[in-house]
Number of protein chains: 4
Amino acid sequence: MENNTSNTTSLQVRVLYVDTDKMGVVHHAAYLRWFEASRAKYMRLRGANYAAVEEIGIQLPVVEAHLTYHKPARYDDVLTIRAWVGDLGRLQVKFDYKISMGEDILVAGYTRHASINLDGRLTRLPSKVSEALAAPEKETGEAMV
Amino acid sequence: MENNTSNTTSLQVRVLYVDTDKMGVVHHAAYLRWFEASRAKYMRLRGANYAAVEEIGIQLPVVEAHLTYHKPARYDDVLTIRAWVGDLGRLQVKFDYKISMGEDILVAGYTRHASINLDGRLTRLPSKVSEALAAPEKETGEAMV
Amino acid sequence: MENNTSNTTSLQVRVLYVDTDKMGVVHHAAYLRWFEASRAKYMRLRGANYAAVEEIGIQLPVVEAHLTYHKPARYDDVLTIRAWVGDLGRLQVKFDYKISMGEDILVAGYTRHASINLDGRLTRLPSKVSEALAAPEKETGEAMV
Amino acid sequence: MENNTSNTTSLQVRVLYVDTDKMGVVHHAAYLRWFEASRAKYMRLRGANYAAVEEIGIQLPVVEAHLTYHKPARYDDVLTIRAWVGDLGRLQVKFDYKISMGEDILVAGYTRHASINLDGRLTRLPSKVSEALAAPEKETGEAMV
């Protein structure tokens with residue numbers, strides 16, 4: 001779960017009211033949304049847009065998720081989410097995440113994804129997808145959405 | 001938008017932490033979830049379970065939603081949602097809702113749904129569905145989920 | 001509810017998996033999140049960051065919301081949300097929204113907000129806030145989060 | 001993470017449209033809501049309603065969450081969530097969960113909660129709360145909300 005690799009993708013988000021709860025901080029479930037947003041961006045910037053992956057008949061459902069909450073995020077905070085591939089197998093891929101604000105790591109975690117086909121059966125990751133997952137971020141000039 | 005009809009269905013829910021926001025009250029978007037839960041129960045108790053409606057090729061996407069917020073709900077409150085059909089046409093149906101706690105109406109609103117087929121085209125509501133929507137609640141003894 | 005004013009603020013978002021439902025389109029409740037994000041940006045770019053408004057003791061809870069759904073948005077779509085002030089009173093403000101993709105308007109709506117103080121009582125909008133709400137967007141060079 | 005203890009609390013929920021995603025199954029983040037609902041019920045049925053715990057100045061934020069997804073849940077499925085205390089310390093408590101439908105375990109997981117006071121500092125769980133967390137379910141006849 002190291003992150004001193006250069007092969008990460010970063011995303012910034014601003015905390016909305018809907019993400020907070022009555023404790024005045026971000027609700028623990030909200031971070032999974034940002035994990036997903038950063039994972040999608042990671043894939044998109046390597047030519048393996050998840051929508052395109054689905055079009056070739058591969059789905060990558062989450063089979064395991066883990067989150068540790070170190071410090072709370074608050075309304076209007078601007079958070080940085082970094083995502084990278086922590087483990088890449090023939091039938092699965094694990095993404096690691098760190099969510100930080102300034103120097104502080106707020107949340108860390110991972111999601112593990114099985115590679116399945118349209119019948120829902122485990123299937124080998126196509127080499128095009130594997131290669132993209134292992135590739136460095138492309139310079140695309142794409143809008144930061 | 002009258003509700004002094006006997007043909008309503010009621011559902012009780014308890015407010016969770018995830019429904020609240022940093023103002024200490026239920027976030028305004030959370031009520032749409034409970035509208036949906038009460039609408040589904042209304043249909044289920046009249047023999048038009050929405051999952052079964054979809055199986056005969058009809059979908060009822062929301063084409064309009066309106067909510068007025070009168071008083072806030074808070075964490076752990078037990079809310080009563082009443083749903084009824086406010087308008088039933090050949091191509092659409094409107095559900096009305098009142099969310100209350102004790103004597104207080106907290107939120108009122110409606111959702112309007114188009115009847116579409118699997119190609120996404122407007123299509124006449126099957127008579128089985130129309131009749132169920134207009135029917136009184138059946139005594140089913142079904143668990144209150 | 002005209003929008004041919006220049007005094008609007010735009011935000012782009014990309015649809016996530018979590019925003020979709022089994023119909024394959026964006027769930028109707030998800031749009032309220034984007035209304036909020038664009039409203040927050042509107043205020044921020046006029047010097048009335050909502051977090052700062054709360055710090056001077058003013059809250060603007062949603063007292064009414066309305067949405068019309070014209071066309072569905074889908075996974076990975078990049079949506080543009082435009083927000084503007086449709087009505088500004090002494091005790092309330094109404095925001096209008098249009099969510100579009102390319103030339104298509106997908107969703108339109110508004111939210112009405114009461115101005116309340118920390119005791120939850122209606123209170124006059126401070127002139128600093130009213131003026132900011134009516135002001136044109138500032139050139140801030142701020143990151144598009 | 002054994003669950004052959006009798007000291008569990010069960011909750012039933014019905015899957016809503018808003019819980020599903022375009023894969024046609026329940027989105028992985030939705031289960032955290034049901035973990036929370038079952039945890040709240042567990043505490044409530046032992047006289048340690050979480051709202052009451054907060055009133056005596058104790059909060060139990062989630063500091064770790066883990067979920068494994070074995071089989072998908074689908075729209076309109078009626079799920080059973082069982083929650084129990086897997087570990088109870090002086091400064092923290094861990095809840096375990098199993099979500100099942102019929103004989104099938106769909107999702108398992110846990111959440112770990114720190115005991116903090118209103119200043120956000122770790123603080124010993126009051127004995128009243130610890131005892132309630134370890135107690136068997138009370139017969140309350142309370143509505144299943």
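# Reading helices, sheets and contacts

Visitor: How many residues has helix α1 of chain B, and how far does it reach from its first C-alpha to its last?

Guide: Helix α1 of chain B (residues 30-44) has 15 residues. From first C-alpha to last it reaches 22 Å, close to the 21 Å expected at 1.5 Å a residue. The expected span is 1.5 Å times one less than the number of residues. Helices (H or I, at least four residues) and strands (E, at least two) are DSSP runs, numbered from the N terminus.

Visitor: What should I know about the model and its labels?

Guide: This is a predicted model: local features need pLDDT of at least 70, side-chain atom pairs count only at pLDDT 80 or more, and totals for chains, interfaces and linings use all residues. Residues are numbered from 1 along each chain as its sequence is written, while chains are lettered from A and ligands numbered from 1 in the order in which they are written.

Visitor: How many residues of α1(B) are buried?

Guide: Start with the cut-offs. A residue is buried if 20 or more other C-beta atoms lie within 10 Å of its own, exposed if 12 or fewer, and partly exposed in between; C-beta atoms are placed from the backbone. In α1(B), 14 of the 15 residues are buried, so the helix is mostly covered. Now compare D:E54, found in helix α2 (residues 50-55) of chain D. D:E54 is partly exposed, because 17 other C-beta atoms lie within 10 Å. D:E54 and D:N117 are 63 residues apart in sequence and 9.0 Å apart in space, C-alpha to C-alpha.

Visitor: In what order do the 10 strands of the open sheet stand?

Guide: Strands of a sheet pair through backbone hydrogen bonds, either parallel or antiparallel. Two strands count as paired if DSSP finds at least two bridges between them. Here the order is β1(B)-β3(B)-β4(B)-β5(B)-β2(B)-β2(C)-β5(C)-β4(C)-β3(C)-β1(C), with antiparallel pairing. β1 (9-14) of chain B and β1 (9-14) of chain C stand at the edges, each with a single partner strand, so one side of each is left without a neighbour in the sheet. Neighbouring strands are turned by 20° against each other on average, direction ignored. Axes are lines fitted to C-alpha atoms, for helices over the stretch in contact, and angles run from 0 to 180 degrees between N-to-C directions.

Visitor: Over how many bridges do β1(C) and β3 of chain C pair?

Guide: Six, in the antiparallel sense. C:Q12 stands opposite C:T80 in β3(C). Helix α3 (residues 127-134) of chain C lies across β3 and β4 (92-101) of chain C, at about 130° to β3(C).

Visitor: How many residues does the contact take from chain D and from chain A?

Guide: Two residues are in contact if their C-beta atoms, placed from the backbone, lie within 7 Å. This contact takes 15 residues from chain D and 15 residues from chain A. β2(D) gives the most to chain D's side, with eight residues. That side has nine nonpolar, four polar and two charged residues. Ala, Val, Leu, Ile, Met, Phe, Trp, Tyr, Cys and Pro count as nonpolar, Asp, Glu, Lys and Arg as charged, and the others, Gly among them, as polar. Strand β2 (residues 62-69) of chain A pairs with β2(D) in the antiparallel sense over five bridges. The bridge partner of A:A65 is D:L67.
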